[in-house]
Protein chains: 2
Amino acid sequence: MSGGDFSALVADLESGKTSASALTDIALNRIAAENDRSRIFISFDADGARAAARASDARRLAGQMLGPLDGVPVAIKDNIDVAGLPTTDGTGFYRDRSRSADAFVVARLRAAGAVILGKLNMHEGALGATTDNPFWGRCENPLAEGYTPGGSSGGSGAAVGAGIVPLTLGTDTMGSVRIPAAYCGAWGLKPTRGLFSSHGLSHLSWTLDTIGPIATGPDGLRAAMMAMAGADPADLLTSEIPADWQRGASSADSVTLGVPDYGTLATCEPSVLEGYAAFLDKLRQSGMTVTPVEIAGWDPGKARRAGLLLSEAEGGALIGADLDRGGDGFSDGFRKLIDYGRAARGERVASAYREIETLRYATQAALRTVDAILLPTAPQRAFAHGTPAPANQADFTAIANIAGCPAVAFPLPAADGGLPISAQVVGPRWSEHRLLAIAERLFALGRG
Amino acid sequence: MSGGDFSALVADLESGKTSASALTDIALNRIAAENDRSRIFISFDADGARAAARASDARRLAGQMLGPLDGVPVAIKDNIDVAGLPTTDGTGFYRDRSRSADAFVVARLRAAGAVILGKLNMHEGALGATTDNPFWGRCENPLAEGYTPGGSSGGSGAAVGAGIVPLTLGTDTMGSVRIPAAYCGAWGLKPTRGLFSSHGLSHLSWTLDTIGPIATGPDGLRAAMMAMAGADPADLLTSEIPADWQRGASSADSVTLGVPDYGTLATCEPSVLEGYAAFLDKLRQSGMTVTPVEIAGWDPGKARRAGLLLSEAEGGALIGADLDRGGDGFSDGFRKLIDYGRAARGERVASAYREIETLRYATQAALRTVDAILLPTAPQRAFAHGTPAPANQADFTAIANIAGCPAVAFPLPAADGGLPISAQVVGPRWSEHRLLAIAERLFALGRG
């Protein structure tokens, strides 16, 4: 195993069973051997990674480890800047857009000792959830040949699911971290809007986007979060991080979970309904308080359409000029979506903003009545590349983006023993510490 | 004097020098005698007001006064619902739109004993700042014949300035409470977004609008604020009111005032520049800390255009269908503005939202470095009806709407002894108590 499990890998580094250089070589060798087929990576920096790994190993020898991320190979979605590599946003047009500086969060990971391997495949322009990319290839789901890893952070989910690295960064606009985490059997964190600086991120929707880690388990998410969270003068949203956030309560005792009427809210695959019902039974049997909760006015289909229109209009405001001169550097499908938002009537776009804001307050109000809201991550499991993507993939995930609230997705076993399903907890703003603790407890109960 | 000064009137009611019924009759008589000329009121409810006044007088006799508002005549801008009267929004189209229930804030004022006299003239559709209304007449500035009272809450400023009532409600989207307060020599409060429920308000821009009181002084604003503030399940924005807001600190000691470079930010009338410079000198001489402050990226003209586009698009989303069938119930000028926002390209509207949100964070960041930001309320004094309205009327006020922050406008003497000028303090969200105390102290220094 190269990077199969974050905690095991950290333990192996600490005990000297392995080294950062060894892990990096194994990962690079796997990329070299597999990437033509798996299409998980878009680019990588072998020399930079090996140098960073050697530096980490030297720190370890000197007893000057920087923390749990020191020496851990990490890979980054290709809409987040890594110095020395291009940031393609999964398009052809930005193929040679070389970046000289790291995004804030990448710099933070480096400062914590992480070894940045390279950039990960993604759905074109972060607008879609299959990662069947016309420029960078059809990204493979490591759990099922020919299947989608989800998206838009498909490479980020696949790299963790494949065990190439134990930790990646993705971005989540309506579910783009949590859906690939779900489809690839990994964990994903979508933080409170403003916890991680967006400086160095190519935004799709500045209203809905957050950067988020995908990892093999909660320890990886927590380590990445602690490294990346913090005020950045270049992103004023981070000025709202509460002063006591770092000391956030992480108790998962006497938790009240609110469960929306998910079966009615979106049409779920039978395997998801079965697995999730079994999961809820286990929670109840273990004495957890599981109670119905309603997010007033939440119609997931309507919310998805509003979020999509917002993403298309905001994305269009950012890259419209490039789209006009981009030729075949963008696919026709992507161009059509963005052009739709660019040209949409102002009154419709304004109504979409209102729909989003109304739901934000309604979700935050519902979160005052429970400790967390529990939902399936997606209404379906991974599906075969080439089959039509279900329209409702993001119906359960987008609500956290709309609310600006954190969410943690974690895998659950499927009743049929096939591809995993996934559940997510959504918590009040800035509740990441508690939410991770809750997810960890629920995960253990789900396996039990 | 009927309702000339709020505190004096409350004292006279308490001492028995006058009664609610007497005050109500005087006000109604003035409306009957003057309104054909002054066009301050659109409608009034003489019977209802007299009955409410009698009930207040009975409470007083029984020693069961409800508080400082009990028996005080109050009038309401005609885009806020009052049971039994139409809500015209200052248009012809909604002339007969009778309302059976009070807006939340009106019900709160009634519950505090206020005598609701009637509905006040306003700029058509709240979109403009002269209150030269094509359907309800050219509202007169009580301080200068033939002059505008400002707007859009022109009737709300004029009714207080004229001494017809000591307290009115207006609404403030980019300055629509504070500009008429300034032009009419009154005080105006634009609260934190979410402090007063908007239930029963005809929104122009749900993003920027707040209801706000205009009064003869800070006591009137405070009494109205304490009566109106509070959670309303029908407006989830009010669910964010901090639990300890009612006990907010009201000390105005050791205040640091941040003064933006107002002379460069907008072209001000000489009388405003002179009066304001003299005011700042007085503050410095009194030992106050007055320091430059910058709101990063604030270009008032650009912010105004973004706020206007947002208002037109959001207003269009709300009343577009009525506009299409409204015939001459709307003026051509109003129709043109709203239709512009309705049809604006989605990418432009999205960019306007981003401009607003970026400035929101920048303003809140600046407010972390000082206790309050001090600015002229408007770059000019009231001007003659019929002369072109300056484009920059709202350049100093809109920033508080953009930031969602509270602001208090108060009058300052003009150097030439003519029409008053006005200053405003803008504070952090939920700082109304302290902001009113600061404004009161600055007002006293400004007169000294």
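## Chain A overall

Buried residues make up 62% of the 448 residues in chain A; a residue is buried if 20 or more other C-beta atoms, placed from the backbone, lie within 10 Å of its own. This is a predicted model: local features need pLDDT of at least 70, side-chain atom pairs count only at pLDDT 80 or more, and totals for chains, interfaces and linings use all residues. Residues are numbered from 1 along each chain as its sequence is written, while chains are lettered from A and ligands numbered from 1 in the order written.

Chain A has 14 helices and 13 strands, taken as DSSP runs (H or I, at least four residues; E, at least two) numbered from the N terminus. Its C-alpha atoms fill a box of roughly 55 × 55 × 45 Å along the principal axes.

## Helix α12(A)

Helix α12 of chain A covers residues 346–366.

## The A–B contact

The contact takes 24 residues from chain A and 24 residues from chain B, with C-beta atoms, placed from the backbone, within 7 Å. On the chain A side, α10 (300–325), α11 (332–343) and α12 each supply at least two residues. The largest share, ten residues, comes from α12(A).

## Arg30(B)

Arg30(B) lies in helix α2 (residues 20–38) of chain B. Arg30(B) counts as buried because 20 C-beta neighbours lie inside 10 Å. The C-alpha atoms of Arg30(B) and Ala162(B), 132 residues apart along the chain, are separated by 10.0 Å.

Note on methods
The expected span of a helix is 1.5 Å times one less than its number of residues. A residue is buried if 20 or more other C-beta atoms lie within 10 Å of its own, exposed if 12 or fewer, and partly exposed in between; C-beta atoms are placed from the backbone. Two residues are in contact if their C-beta atoms, placed from the backbone, lie within 7 Å.
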